[in-house]
Amino acid sequence: MQGLGKTERGEQGRDIDLTSLRSTMPASGPLQGGSVSNLNMNLYATKKTAAEGMLDIALFLANITHMKTVIEQGAGYRYYIAVLTLISFSLALQIVAGVLIIIIARQDINEEANQKRLDSLNNTITIIIFLIFITNIFISVMGMERTGLFARMHF
């Protein structure tokens, strides 16, 4: 037995620890006497969309900071044009994704008329986020030269 909670006899005569079982199952799922229909899909979708939006904002701010650093380094930086172009492309994609996230968040997923359109918008956002991810990999690979503490130290 794992926990010290109440136990019952299972189908095969083994003790089942209800306390540890309860912590791994949904609070109102079908195993607790509720049903799957109790899950508010619209609330779930709204929370998921809000979380995506917050992550998009964090990445947007990180890219702006990265762009500022590259601009401060000046045109002498080896990948100056390439990195500025990639960061600008990433920022533009993030703005598009953010607008689409706002559009999705304002819709009701429970209305059948909206479901096909919202599914297609969600797929579009997924593709855009994948492109942002690939773009930011290239930005990171090109890196930054002479930044931070090590820029002032001469070895």
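The model is predicted, so local features need pLDDT of at least 70 and side-chain atom pairs count only at pLDDT 80 or more, while totals for chains, interfaces and linings use all residues. Residues are numbered from 1 along each chain as its sequence is written, and side-chain values use heavy atoms, with hydrogens and water left out.

Side chains of opposite charge can pair when their charged atoms come close. The side chains of K68 and E72 form a salt bridge, at 4.0 Å from N to O; the term stands for a side-chain nitrogen of Lys or Arg within 4 Å of a carboxyl oxygen of Asp or Glu, and by this rule the count is one salt bridge. Because K68 and E72 are four residues apart in helix α2 (residues 41-73), about one helical turn separates them. Helices here are DSSP runs of H or I with at least four residues, strands are runs of E with at least two, and both are numbered from the N terminus.

Helix α2 itself has 33 residues and reaches 48 Å from its first C-alpha to its last, close to the 48 Å expected at 1.5 Å a residue, a span taken as 1.5 Å times one less than the number of residues. Among the buried residues of α2 are N42, A45, H66 and V70, and what covers the buried residues of this helix includes α3 (80-105) and α4 (112-142). After α2 comes G74, whose phi is positive, near 90°.

Methods
Buried means under 20% relative accessible area, exposed over 50%, partly exposed in between (1.4 Å probe, protein chains only). Contact means heavy atoms within 4.5 Å.
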